[in-house]
Amino acid sequence: MNEDAPPPQRKIIHVDMDAFYASVEQRDNPELRGRPVAVGGGVRGVVAAASYEARTFGIRSAMPSVTARRRCPELIFVKPRFDAYRAVSQQIRAIFLDYTPHVEPLSLDEAYLDVTEDLKGIGIATRIAEEIRARIRAETGLTASAGVSYNKFLAKLASDQNKPDGLCVITPARGAAFVASLPVSRFHGVGPKTAEKMRRLGIETGADLRDRSREWLAHNFGSSADYYHDLARGICHRQVKANRPYKSVGAEDTFLTDLTDPAALAAELDRISQTVWRRIAEKGLAGRTVTLKVKYSDFRICTRARTLGHSVTGREEFLAVGTALLQTLMPPEKGIRLLGLTLSKLGAEEGDAPAEAPLSLPL
C-alpha cells in the first residue's frame, strides 16, 4: 500500500425531504392534498413548515401565523405531530443505513451520506441516490430531493437545485464553476450578517469571493479567511460524521426596533420558544439548562441561566423558565434589540440517534 497516495475522492449525498412535515400531513389526510397547508399556528404562533402550495404565496417556516393568514386566507393550519414525523424519519434512516453506516442526520428530514464505499457495492453515487429516492417514495409515499458531489458543501447546495423531487450532481470538474455562479448568501457558514458585510465589500457571488486573496480575506474576516477561500473554489474538508451529540439547541431574533415593553418582550420570547421547542422535539432531545440571551441597544449582551433538577417537560415549562429569567431584567435598563433562548445539558430520548453539535440559529 502506498502511504503517500492521496485519499480517495469522496462520494457524498445530501438527502432532503420535500416540505416534510406538511407532506406527511397531506399524505395522511387526503383532504389536504393539493391545498395550501401550514404546520404550526396558534394565536401568536409561527409556521413550522409549509406545503409547496402554501409557498407559492410566500409562506415560509418561522413566519408568524398572522402574516401567513394575511398572505393566504385559504391557508389550512394543522398541529404538528412530531411522533409521526419521527416515525417516518426512522423509516428513511433505515433506508440510508442499507447503503452506508456513515449517515449524519441534520434533522428529521435531511442527512448527509458518505457512500465512498457503499455496502451494496454499487460504486456510483448517482445511482445510489436514485435508488434511495425511489425507495423513500415506495416505502413512505413521500418525495425527497438529493444532491450528489465530492464534498458536503456542494452536496447540500446541489440538493436545493431541483426541488421538489429532484436530483442534481456536481462533479469535481464542475465544482468551482458551480460555486462561482452562486450568491454567497447560499454558502454554508455565511450567515445574513456576513453576507451583508461581504455585499458592502463588493462580494455578492462565489466568483467575487474567489477573486479576493487570502491576505485580504484574513484582514476582513479573520480566522474564517481560509474557510471562505476554500469554499469559493469548491473545496470543503468537513467529514460526514454519524452520532455527533448536540450540546445545545437555541434560537434568537433581532427586532426591527428596540423593545422596552415587558408584554411585547414576553410575546417575542413566546414566539422564540416555539421555534426552539420545535427543533428540540424533532430531534427527540431533552435538556435541563435554560439560558436567556439579551442584547441591548448599545450591543451589550447579558445572559441568565437556570438548571433544573429534571429534564424540561415541555414547551410550557421551557417558556416559563425563560420568562422567569426575563423578569429578572424587567423593566429593561435600555431598549432590547435581541432575545435568544437556548436549552442545553442535552441528552437524546431513548431510541433516537444524536446528531451534530451545537445548533443555535436565527429565526
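Helices H12 and H13 lie oblique to each other, a term for angles that are neither under 35 degrees (roughly parallel), nor over 145 (roughly antiparallel), nor 65 to 115 (roughly perpendicular). The structure is a predicted model, in which local features need pLDDT of at least 70 and side-chain atom pairs count only at pLDDT 80 or more, while totals for chains, interfaces and linings use all residues. Residues are numbered from 1 along each chain as its sequence is written, and side-chain values use heavy atoms, with hydrogens and water left out.

H12 spans residues 262-282 and H13 spans residues 315-327; their axes come within 10 Å and cross at roughly 140°. Axes are lines fitted to C-alpha atoms, for helices over the stretch in contact, and angles run from 0 to 180 degrees between N-to-C directions. Helices (H or I, at least four residues) and strands (E, at least two) are DSSP runs, numbered from the N terminus. From H12, the contact (heavy atoms within 4.5 Å) draws on Leu265, Ala266, Leu269, Asp270, Ser273, Gln274, Val276 and Trp277, and from H13 on Arg315, Phe318, Leu319, Gly322, Thr323 and Leu326. Sorted by class, the residues of this contact are eight nonpolar, four polar and two charged. Here Ala, Val, Leu, Ile, Met, Phe, Trp, Tyr, Cys and Pro count as nonpolar, Asp, Glu, Lys and Arg as charged, and the others, Gly among them, as polar.

Phe20, Tyr21, Val24, Glu25 and Arg27 of H1 meet Phe82, Tyr85, Val88, Ser89 and Ile92 of H4. This contact comprises seven nonpolar, one polar and two charged residues.

The structure also holds ten aromatic pairs, counted when rings of Phe, Tyr and Trp (its six-membered ring) have centres within 6.5 Å; planes under 30 degrees apart are stacked, over 60 edge-to-face and the rest tilted. One of them is the edge-to-face pair of Tyr21 and Phe82, with 5.7 Å from centre to centre and 85° between the planes. This pair links distant parts of the chain, since Tyr21 belongs to helix H1 (residues 20-28) and Phe82 to helix H4 (residues 82-97), 61 residues apart.

Most residues other than glycine have a negative phi, and most peptide bonds are trans. Ala19, although not a glycine, has a positive phi of about 45°; Ala19 sits in the loop between strand E1 (12-17) and H1. Lys163 and Pro164 are joined by a cis peptide bond with omega about -5°, and Pro164 is placed in the loop between helix H6 (152-159) and strand E8 (167-169). A cis peptide bond also joins Met330 and Pro331, with omega about -10°. Pro331 is found in the loop between H13 and strand E12 (336-348).
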